[in-house]
Amino acid sequence: MPPGVAGAALLCLASLGPAHAGGATAPSLPDNVALVRTAFDDWRAGTGSVFDLLADDVVWTVAGNSPVSGVYRSKRDFMERAVAPITARLATPIAPEVEHVVAQGDAVVVLWRGTARTRDGGSYRNHYAWHMELEGGRIVRVVAFLDTWALDALMQ
């Protein structure tokens with residue numbers, strides 16, 4: 001085998017990371033995808049939520065310009081200052097419909113649609129892209145992209 005090819009092969013193997021010799025490990029990529037998919041399924045069924053996976057010290061960023069856009073540095077802060085004001089304007093929980101899941105490393109990106117009834121009898125519809133980073137089966141960082149105009153209309 002030519003030296004250049006051997007070196008390239010070794011670099012490829014090295015990039016795969018060390019083999020595990022036993023003991024507990026953080027969830028693998030498929031496990032993270034399964035955790036997130038199950039959380040969305042539970043949310044849709046009304047038996048749980050993606051928010052159940054949040055680490056207490058999660059850093060959640062809501063992108064754009066809306067009444068809840070900004071950076072939240074704990075689960076409690078995010079739930080109180082972003083989630084609660086939104087759900088207070090809804091008569092029904094947001095029903096998520098996952099359209100696509102993409103994962104790489106510890107990151108899982110979910111493209112989804114959410115619909116709910118508003119307290120005034122209208123409908124709330126939004127499209128989301130959530131980039132979530134997981135560690136040990138918990139979501140530790142999120143950047144949430146959404147239709148901020150739809151959210152702003154809800155918050156009026």
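This is a predicted model: local features need pLDDT of at least 70, side-chain atom pairs count only at pLDDT 80 or more; totals for chains, interfaces and linings use all residues.

Me: Which residues of α4 are buried?

Reply: In α4, the buried residues are T148, A150, L151, L154 and M155. Viewed down the axis of α4, they fall within an arc of 160°, so they line one face of the helix. The general idea is that an α-helix has 3.6 residues a turn, so residues three or four places apart point the same way.

Me: Which exposed residues does the face of α4 turned away from its buried side carry?

Reply: That face carries W149 and A153, which are exposed. W149 also takes part in a contact at the start of the helix: its backbone nitrogen has a side-chain oxygen of D147 within 3.0 Å.

Me: How should I read the overall arrangement of helices and strands?

Reply: One follows the elements along the sequence. The protein chain contains four helices and six strands, and their pattern is α-α-β-β-α-β-β-β-β-α.

Me: In what order do the strands lie in the sheet?

Reply: The general idea is that strands of a sheet pair through backbone hydrogen bonds, either parallel or antiparallel. Here the six strands form an open sheet in the order β2-β1-β6-β5-β4-β3, and the pairing is mixed. β2 (70-72) and β3 are the edge strands, each pairing on one side only. From one strand to the next, the twist averages 20°.

Me: Which helices pack on this sheet?

Reply: α3 packs on the sheet and touches β1 and β2, its direction making about 50° with that of β1. α4 also packs on the sheet, where it touches β5 and β6, and its direction makes about 120° with that of β5.

Me: How many bridges join β3 to β4?

Reply: Nine bridges join these two strands, which run antiparallel. Within this pair, E97 has R113 of β4 as its bridge partner. The hairpin of β3 and β4 has two residues between the strands, and there G105 takes a positive phi near 60°. On to the next pair: β4 and β5 are antiparallel over eleven bridges, with R113 opposite H127 in β5.

Me: Is N126 buried or exposed?

Reply: N126, which belongs to strand β5, has a relative accessible area of 2% and is therefore buried, since buried means under 20%. To read such a residue, one then looks for polar partners. The side chain of N126 makes a polar contact of 2.8 Å with that of Y124. A polar atom of the N126 side chain also lies 2.9 Å from the backbone nitrogen of D147. Apart from neighbours within four places in sequence, N126 is in contact with residues including W112, R113, A150 and L151.

Me: How many residues does the largest nonpolar core have?

Reply: The largest nonpolar core has 38 residues, and among those with the most contacts inside it are F40, W60, F78 and W130. Elements that each supply at least two residues of this core include α2 (29-45), β1 (54-62), α3 (75-87) and α4 (148-155). If residues up to four places away in sequence are not counted, W130 touches F40, W43, W60, W112 and F145, among others.

Me: What share of the protein chain counts as buried?

Reply: Of its 156 residues, 34% count as buried. As for contacts with a separation of 6 or more, 49% are between residues 24 or more positions apart.

How values were computed: Residues are numbered from 1 along each chain as its sequence is written. Side-chain values use heavy atoms; hydrogens and water are left out. A nonpolar core is a set of buried Ala, Val, Leu, Ile, Met, Phe, Trp, Tyr and Cys residues joined through side-chain atoms within 4.5 Å. Buried means under 20% relative accessible area, exposed over 50%, partly exposed in between (1.4 Å probe, protein chains only). Contact means heavy atoms within 4.5 Å. The arc is that of the directions from the helix axis to the C-beta atoms. A polar contact is a pair of N or O atoms within 3.5 Å; within protein, one must be able to donate a hydrogen and the other to accept it, and residues adjacent in sequence count only if both atoms are side-chain atoms. Two strands pair if DSSP finds at least two bridges between them. Axes are lines fitted to C-alpha atoms, for helices over the stretch in contact, and angles run from 0 to 180 degrees between N-to-C directions.
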